[in-house]
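Subject: Structure handover and notes

Hello,

Please find the structure below, followed by my notes on it.

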Amino acid sequence: MALYRTNGELLTERRGIIDAVFSSFGKSDHGSRALRRGRRFGRITKHKLSRWIFLLTALISILLTVYGLKMFFQAKMESKFSTIPIILQEERNQLGNIVLSDDAKTPKENIVVSDVGVMSKGKRRKHFPCEVGFLESVDGLVEPKSYMNSTWFSLEYVDHEERTSKNDLFEPRFGGHQTQEERENSFYAKNQTLHCGFVKGPPGHPSTGFDINDKDKAYMYKCKVAVSSCIFGSSDFLRRPTSRLISQYSKDNVCFVMFLDDQTLSKLSSEGNRPDERGYIGLWKIVVVKNLPYEDMRRTGKVPKFLSHRLFPNSRYSIWLDSKMRLNSDPMLIIEYFLWRRKAEYAISNHYDRHNVWEEVLQNKRLNKYNHTAIDEQFNFYQSDGLPKVDPSKPNDPLPSYVPEGSFIIRAHTPMSNLFSCLWFNEVDRFTSRDQLSFAYTYLKLRRMNPERPFQLYMFKDCERRALVKLFRHRSLPSLVESA
């Protein structure tokens, strides 16, 4: 009986153990399923997170690529345009002396693609360059035989002035003491001797200024084509022409001259722009000017700007660019495009914003560019001498604009071009140094007084000027050598 109970108890214990084992198995299976679900959820979360990180990275990469492309194309627009060779049938007659290519036997050019683009942002407008139809290279470039068939007469220049009276107050001036009668007669395109700067005083008087040493003068006398600029009064940084964009022919045959005063040379040297043993900084031949003729640095800058035919007396052509610019084009291609192809003696761009000299007067006064009384005196005189209120939009007006952007000028040193340059300089010497105010008056008076002797002046678009150079800002100094 005891044994039976013992066996029953044993049986009961075995069943209890079995139930406990099955129970434990059930609990373990539930925990495993929960663990597997947790791991699967973690994998899903990591996958989604990785996908979002990938999409975010791709979006940032796209934005950076778009921004980079935008900056790249903007830089391309501001520097040198890539050129597309194309044959222009309509230009063949004008380019008869250009050597023809072996393949097509026709002059090759670059297509002129677009005009200036102006975008408005409130009251501020942005101005962009446009492509210029230069030839592909200077290879075989020859001056057209018929180009110099312009008005010919002889010009001599007043070299010195004698004391006109016993007045002790007589003071020699770089521009001389031109009388009103001499001024009026100087506008006639005829054989004459006229004031055109570099006027010396009587013996015993000091120099009137713009003194250059004999060695530099000898160099300048040999120049046949000259590119020049100036910095006076440490008013600017030195911008070297972009060497890779200028042909070896131009490097060998064109004089690149930068006029500096001692103060500017010292400043540039302290910044690392020191002339080498030959007197060059890059392509620029440095010519130091002693004894500046004017206290106004802007007016002093008009000497090399307008009187290149006096500084380079044997040159046939010259290009002037303001010191706020870096030349990004070949000088000979510039001369071919703006002078030879247009049959022009003088080329200058229109102003980027204003085209009426009345508006330019108001703008100069609004921005306090010069003494208001002096501006009024100059303009009242011009009006009394017949300056019309021209409207460049009228088809009969000889120029598309009567306000130039005078920071870039291309000239042939013909008698008419030299005369115009002397007349324009004399106006700047006599009145204000704001040369935009005297441009229209000088051009129209010269044209009016010489109806049988035309002056071939070509005014090109401001967007073309911007394609030739890289524009910068002047130094932040109170006195700037600029044309604007």
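The second largest pocket has a volume of about 540 Å³. A pocket here is an open set of points on a 1 Å grid over the protein atoms alone, where a 1.4 Å probe fits and protein lies on both sides within 12 Å along at least five of seven lines; lining residues have an atom within 4 Å of a point. Grid points are joined across faces, edges and corners, and the volume is the space filled by probe spheres set on them. The lining of this pocket counts 25 residues, and those closest to its centre are Phe-198, Lys-200, Lys-217, Tyr-221 and Arg-310. Two or more lining residues come from each of α3 (214-221) and α7 (308-311).

This is a predicted model, in which local features need pLDDT of at least 70 and side-chain atom pairs count only at pLDDT 80 or more, while totals for chains, interfaces and linings use all residues. Residues are numbered from 1 along each chain as its sequence is written, and side-chain values use heavy atoms, with hydrogens and water left out.

The protein chain has 13 helices and 16 strands (DSSP runs numbered from the N terminus: H or I of at least four residues for helices, E of at least two for strands). Of its 484 residues, 48% are buried (under 20% relative accessible area; exposed is over 50%, partly exposed in between, with a 1.4 Å probe and protein chains only). Of the contacts (heavy atoms within 4.5 Å) between residues at least 6 apart in sequence, 82% join residues at least 24 apart.

Two buried residues:

- Ser-421 sits in helix α11 (residues 415-430) and is buried, with a relative accessible area of 0%. Leaving aside residues up to four places away in sequence, Ser-421 touches Phe-306, Leu-307, His-309, Tyr-346 and Arg-411.
- Pro-129 belongs to the loop between β4 (124-127) and β5 (155-157) and is buried at 9% relative accessible area. The C-alpha atoms of Pro-129 and Ala-467 are 4.8 Å apart, although 338 residues separate the two along the chain.

On the surface, Leu-56 lies in helix α1 (residues 2-78) and is exposed, at 52% relative accessible area. Together with Leu-59, Ile-60, Leu-63 and Leu-64, Leu-56 forms a nonpolar patch with about 510 Å² of accessible area. Patch members have over 30% relative accessible area and no salt bridge, with nonpolar side chains (Val, Leu, Ile, Met, Phe, Trp, Tyr) joined within 5 Å; a salt bridge is a side-chain nitrogen of Lys or Arg within 4 Å of a carboxyl oxygen of Asp or Glu.

Regards

Key. Patch = residues over 30% accessible without salt bridge, like charges linked within 9 Å, V, L, I, M, F, W, Y side chains within 5 Å. Areas by Shrake-Rupley, 256 points an atom, 1.4 Å probe, with all protein chains shown as cover.
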